[in-house]
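Here are a few exercises to work through with the model open beside you. Try each task before you read its solution.

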Amino acid sequence: MDRPSSQSSLQTIAVVGLGTMGSGIAELLARAGHEVVGIDVSESAARRASDSLGAATARSVTRGLLTEQERAGVLARLRTFGDLAAAADADLVIEVVPESYELKQRVLRELDAVVRPDAILATGTNALSVTRLAAESRHPERVLGLHFFNPAPAMKLVEVVSSVLTAPPAVEAVTALARALGKEPVAVGDRPGFVADGLLFGYLNQAAAMYESKYASREDIDAAMRLGCGLPMGPLALLDLIGVDTARTVLEAMYASSGDRLHAPAPVLGHLAEAGLTGQKAGRGFYTYEAPGSSAVVRDAQTPADGDAAGAGRPVASVGVAGSGTMASGIAQVFAQSGFDVVLAARSREKADAAKAAIATSLGRAVAKGRLTREAAGQTLERITPAGSLDAFAGVDLAVEAVAEDLAVKQELFAALDKVCKPGAVLATTTSSLPVIAVARATSRPQDVVGMHFFNPAPAMKLVEVVRTVLTADDVHATVRGICGRVRKHPVDCGDRAGFIVNALLFPYLNNAVKMVEQHYATLDQIDAAMKLGGGYPMGPFELLDVVGLDVSLAIEKVLHQEFRDPGLAPSPLLEHLVAAGCLGRKTGRGFREYARR
């Protein structure tokens, strides 16, 4: 149930700009018991803000979260006006007008002439310099940044941004307000993007550039990041939600500050913005929507045809999986659970038996959780035949390698598969970063070789990146896409270049997070909290790095840097130093954080 916030010195709060973000902030404040003065030059925007609050509180009444009497109180606490003079008695003014220095500076200058001397002025910018904005004010010591995330009532993160001019009491007051609103305030310095957007928009920009280069479809890019990383939205859908024009403005500000090519806005963002195709608010951006302001995607010329258009593939009844680690046993379990006969080959029969035992343990957990019947688990195990040599692959229709991420090791294995496997067998590598063509050339039949990148843990993760080289045959590509459907995985197509989709977008983001710490801009905890609370990420970047392994992460970042030759992709020295010191993450008990040794 909504209750007034704890006693705060900031009782009357003006919100200037009643677009989506401003309306959300006004709703949050009114529900918390504050007197809210909503100001917008557009009468229709002010009306929409009032209507939005009315609809949101009505839903709360229906759900039993508010009484009608409480709802009436909330509605009465929001008053809307068309002139800044209405902010005269406000303790705090939050401006949320469009991202323009000229517009924001004009608003702050006009507020100087209206508000009380002790009032705090907060800018809601997520990209512009708070210091530059404050410098235009008569009282720069009372100007700071207060960056809420959309939707403001739901998102927990608030970035409190101080300039070198900001007085500490102003920071303390808005930080206390954020806590009273049930938010998690994170104190950050003044640089474009701050923490969350500073990491988020570089990633979004790379996704836009990936789409623009026609490396992968918009649907495959978005599906890859949702299913491969557990993100709430794909990057291109998120750009449409944020606004393509807004994203371009943020990136321009970041690039002007950093000079990093990763922040230079992808040209497609400018083209879409100039054409008025700014995302959901316009009804069209990267996707096409039912109407302006709608989130419902409708078909357009880029929408893939229904069904799998990859063509006819080769018949596959039996599968060989090479390897004995976690990934190999997980992939073998996936195939066996889907009805395939599986040969699980390792360097020795003992290792193969141990891998099958690990599968039995995994299946036992699934049975205990009610996800699988005991009978189905038994049938799955019966379909798996352990072997101590690749010779057992002589009759398989599909051979999948899941050995160490070392090119020489994989090439040696594929040369052996070339001799053992029957003509027409599909040979698949699960590499996450190495060139598939270099593996394929170790065989006499590179047309039969394809990338099939599963994600860990394979039984749980739905994504498979299907990587075709310039030599991969059409029916081999079709075979693997068809197999993905049979094992209930979601295939995304990508070309044979470093990182494919997921790692090419994920690891530059992780590397940039390390650089933030290296530059003493923010702490590990602040950055992890910002991405979980502000971006909806299931894990913060440093939690994820420690889980993946710092050595693995460094190796992938080196491959990306070598492939694309972009200085912005160079691995952070801090990451290199930790790896050199043997601090590899959870597996060694220490990475960016320390862990109890098991």
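**Exercise 1: Aromatic pairs**

Tyr509 and Tyr537 are both buried (under 20% relative accessible area, with a 1.4 Å probe and protein chains only). Before going on, note that this is a predicted model, in which local features need pLDDT of at least 70 and side-chain atom pairs count only at pLDDT 80 or more, while totals for chains, interfaces and linings use all residues. Residues are numbered from 1 along each chain as its sequence is written, and side-chain values use heavy atoms, with hydrogens and water left out.

Task: classify the pair of Tyr509 and Tyr537, and say which parts the pair ties together.

Solution. Start with the rule: rings of Phe, Tyr and Trp (its six-membered ring) pair if their centres lie within 6.5 Å; planes under 30 degrees apart are stacked, over 60 edge-to-face, and the rest tilted. The two ring centres are 5.5 Å apart and the planes stand at 50 degrees, so this pair is tilted. Next, place the residues: Tyr509 belongs to helix α18 (residues 502-518) and Tyr537 to the loop between α19 (524-535) and α20 (541-548), so the pair ties together parts 28 residues apart in sequence. Helices here are DSSP runs of H or I with at least four residues, strands are runs of E with at least two, and both are numbered from the N terminus.

Now compare Phe542 and Phe592: with 4.9 Å centre to centre and 65 degrees between the planes, they form an edge-to-face pair. Phe542 lies in helix α20 and Phe592 in the segment after α22 (573-580), so parts 50 residues apart in sequence are tied together. Phe542 and Phe592 are both buried.

**Exercise 2: A helix checked by length**

Task: find out what span helix α7 should have, and how enclosed this helix is.

Solution. The expected span is 1.5 Å times one less than the number of residues. For the 17 residues of α7 (residues 196-212) that gives 24 Å, and the end C-alpha atoms are 24 Å apart, which agrees. Then look at burial: 14 of the 17 residues are buried, so α7 is largely enclosed by the rest of the structure. Just after α7, Lys214 takes a positive phi of about 60 degrees.

Technical notes
Buried < 20%, exposed > 50% of the residue type's maximum accessible area, 1.4 Å probe, protein only.
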